[in-house]
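The following note was prepared for a colleague who wishes to examine the model alongside its sequence. Please read the points with the structure open.

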Number of protein chains: 2
Amino acid sequence: MRLPSLTRASLERHLPILEWSKTYDKDTLTSDVVAAVIVTIMLIPQSLAYALLAGLPAEMGLYASILPLVAYAIFGTSRALAVGPVAVVSLMTAAAVGNLALQGTAEYAAAAITLAFISGVILLVLGIFRLGFLANFLSHPVIAGFITASGVLIATSQLKHIFGIDAHGHNLVEIVTSLFENQHLTNPITLFIGLTTTAFLFWVRKGLKPLLLGFGLKPRLADILAKAGPVAAVVVTTLVTWIFGLAGHGVKIVGEVPMGLPPLTLPSFDGEIWSSLFVSALLISIIGFVESVSVAQTLAAKKRQRITPDQELVGLGASNIAAAVSGGYPVTGGFARSVVNFDAGAETPAAGAFTAVGILFAALLLTPLLFFLPKATLAATIIVAVLSLVDFSILSRTWKYSKVDFAAVAATIFLTLGFGVEIGVSTGVALSVLLFLYKTSRPHVAEVGLVPGTQHFRNILRHDVQTNPNVVTLRIDESLYFANARFLEDYVYDRVACDEPIKHVVLQCSAVNEIDMSALESLEAINHRLHDAGIKLHMSEVKGPVMDRLKRSHFLEEMTGEVFLSQYDALVALTRPDLAGDIAHEDKNAAE
Amino acid sequence: MRLPSLTRASLERHLPILEWSKTYDKDTLTSDVVAAVIVTIMLIPQSLAYALLAGLPAEMGLYASILPLVAYAIFGTSRALAVGPVAVVSLMTAAAVGNLALQGTAEYAAAAITLAFISGVILLVLGIFRLGFLANFLSHPVIAGFITASGVLIATSQLKHIFGIDAHGHNLVEIVTSLFENQHLTNPITLFIGLTTTAFLFWVRKGLKPLLLGFGLKPRLADILAKAGPVAAVVVTTLVTWIFGLAGHGVKIVGEVPMGLPPLTLPSFDGEIWSSLFVSALLISIIGFVESVSVAQTLAAKKRQRITPDQELVGLGASNIAAAVSGGYPVTGGFARSVVNFDAGAETPAAGAFTAVGILFAALLLTPLLFFLPKATLAATIIVAVLSLVDFSILSRTWKYSKVDFAAVAATIFLTLGFGVEIGVSTGVALSVLLFLYKTSRPHVAEVGLVPGTQHFRNILRHDVQTNPNVVTLRIDESLYFANARFLEDYVYDRVACDEPIKHVVLQCSAVNEIDMSALESLEAINHRLHDAGIKLHMSEVKGPVMDRLKRSHFLEEMTGEVFLSQYDALVALTRPDLAGDIAHEDKNAAE
């Protein structure tokens, strides 16, 4: 071997297929195949519809559902994640690629392919360098707000297909204005198909399963039949359009979908295209990853399995690169689809590969049947799917729980609706980081006193406690770092200025998890300035790791006061020196 | 009164002069005048030199030392801060304005005036909206590194005047290359003046005071004479240059400095100029404010006085606007100068106003005497002043104390030297914020066990503690928020996956100061997924404010386990149910 360190274990870590394939048997195969059949039925109309949403030819949705699934099956760690085109990423693709080319042109499709490739490379790099934590800066409320706003945008954008008119735009104002301008061109037959299909799909979602159960079907079968609703809508509306020749009456149809294997495609390597798509690709990668990893984790936990987020990045990266070389566009793990896959019994990523085989058959054999499929049917599928993502309750929940979170989510929703997906989500992320920094820069500081009869110290403003005019104790409820270092200085000076009797200031550090260099220098300044004012500075309840670090500086030697193991020790030592003989305090000068 | 809410107290808060002028008497006047005389002597050569450093005519340094000082005396809260041109801000002015116009042109001077105005407006706005906390994001090590690197840049840039050659550039590589290219043009007489002046000033700084004390002078007088060293250098080299006609031998001189009152000037209101100067003005404002407020705070603390950071922003904003309307350029509080002012006995901001009168006299009467002043003398003044700012020990101190701080300071120094002041300081700020976020996104989590014979819990990896295979207790040493929410999820799943005996997970929250919405949802997910795996989730030692907030959500109702007041209670309840009758736990469903 030329790579002796490449043990089987590390190989398995990077190629999860090696691990799960070891125990693959006939039972697992059966489970996976059943799940794959159900997911395939669900995925055919979805992949066509999402390609349409992305402004791409319908077949690109199918292509994005073949090779990417195989790539994920090899590199992914989730046993139930179903990868493919999803609504939000399709919308983001349309927004990103729309800046570069006109819908319907070859450049547009080429840009979507390049976008998938860049996104794949970004995901791979993040995975290889274990940078998955970057996705953490997308807070849950920002994601929830973004998904809700995207759902509204997507549903609105699909209304044009329901009305059979033209409309465009990447934000709510543009789309709605455009719809109103063209509403006089509404095609009544298209509208009829669109509305009945939408109504039918909503009914399938809510009412079909109870009905089937009422007919005595087994729950599992009823469930599968309900999931096949969109396929039924596709079949029926296609037949009706063909039989009555509705395409001649202005009903827009999917038209010719090429039959055959996915084409071999190559992304563009033009530096200008890369630089103009890079930020979009980064956003798509991170949004896609966050969505995918959270559903993967939820499903894995149900079986006490685990996924590896950094390896998930590799799996999704491989999927997107696979999409780029086989005529697809950006993909990620879909929420609804993965849940169906899990419920249908998928046991390994092989179920995804079998789904790919199903879609491949569709691409090889079924595409001529899609010629008369009305676009309104696909739009109805999308609308019904995305409206389930819309949940404005995140506004009320955050309002109730935390105003800071509310501000971030409200800004994300407003900006996504008003200015499009990219501005919306980037501002949401920036705002939540800024608000977090702002919060930590003004930490909660409580002046505490002794609860009579105990050794506990509590906030003097909230509790009836004993204090001593010569001793001020401040409990800081935050790690001390550069953003709040000056705040602490100001706070301490304000407290001691003009309060003559103060002789001792004690900082109770039970909630201080870190003191960085700036905070250390602020403590030095506080110590120095309190000394100038004739006041001693003490600390109590300093955590071990923080104390270790302080011992590496000169601060403890310079500090005018002591470090006490507990706040009670501090109070006794400073106010009752007669009792203080046995008080324990840290040896400030101990060599470490 | 048309503004009934404008009480005298609030007026005093916004016009500090109203407060200190009430107790102004003859003694205060004497102290202030003495301090003003000493600062004036120090400021005349400094203001000329820093104007030269900024690439501006020498008189603009004088103008920047008149009206701005009066404005600060009215609006500022520090009683000892000496405002005026300073080295680092002058360098930043040169970098900012150099992008817009050529040195020596009227456009260049006009851009510097506009820069002062924009900077003044920014400071005022930050002050009025109490946004002073923004300056906190400049960490101490980043500032220290930036000042050190700026000192090196400034000293190097002044070598051209010492050698009497031309050189230019905004980073070390450009400046040094330029010096080497032109070194064959070195003027020997200039070099002689430059080197002797530099040597003299270094000696004045280190050796003069002990010598004078040895002659029996009073320490105070010795100190003042030592501070007058630069003035002596100015007088002697000017006389020598005049008497020996050195200007005819290639020694560059200051030349004609207009005599008279500062001119009335107006900033440009051209949108393009504003947008190209805005970021520079923001950086100058924040750097200037941070430098100024830290010296003001140090000096105020010595007399148990206090300054108001937000009012300081107003004071510095007013100073910069005053500079812009009177032919000056950006100013801030100078470190050395303020210390001199304080040591000389300044008691109120009036000392600054008296200094302004002194500089005004200089502008009215002394400027003809400056005609033969060699530029090399001013360069020597600058070099000696800024080399005292250079302190690379920040690198070793941060290396020893915290590698994260070291990374930020090393990047700041390297980028400032290599790419100029603006890139240096912006990257330093961005990097320290990112590193802080990274740290908090991977908090310290300890699995803890009971220290035998106590009720204390400690890290199982560091201490010999008792554990129970059915109960896992995790102590999280960080507030829980979006950036570490997913980390916590991963951590918990990784810990429980494949460890069959686990029946209970306890999160010990003694160091958790905040749980935001994302972390709440992660806790909900953890609770849900542990439930699916047959494990109960408990919490212990949750702080009051955090508990208050949790009670506003549904989490506590959904949580499968309990909230225990102490970790010991949790362990007893979960492992010795026979003893747990009296265990206290928080009432999860209590209405708040």
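The numbered points below cover the basis of the model, its domains, a helix pair and a sheet.

1. This is a predicted model, in which local features need pLDDT of at least 70, side-chain atom pairs count only at pLDDT 80 or more, and totals for chains, interfaces and linings use all residues. Residues are numbered from 1 along each chain as its sequence is written, chains are lettered from A and ligands numbered from 1 in the order in which they are written, and side-chain values use heavy atoms, leaving out hydrogens and water.

2. Chain A is assigned domain 1 (26-431) and domain 2 (445-582); such bounds come from an automatic or database domain assignment. Their C-alpha centres are 56 Å apart.

3. Helices (H or I, at least four residues) and strands (E, at least two) are DSSP runs, numbered from the N terminus. In chain A, helix α8 (residues 140-163) packs against helix α10 (residues 188-214) at about 125°, the axes being 7 Å apart. Axes are lines fitted to C-alpha atoms, for helices over the stretch in contact, and angles run from 0 to 180 degrees between N-to-C directions.

4. In chain A, six strands form an open sheet of mixed pairing, ordered β4-β3-β5-β6-β7-β8. Strands pair if DSSP finds at least two bridges between them. β4 (457-459) and β8 (563-564) of chain A are at the edges with a single partner strand each, so one side of each has no neighbour in the sheet.

5. Strand β7 (residues 536-540) of chain A pairs with β8(A) in the parallel sense over two bridges. A:M539 is opposite A:V563 in β8(A).
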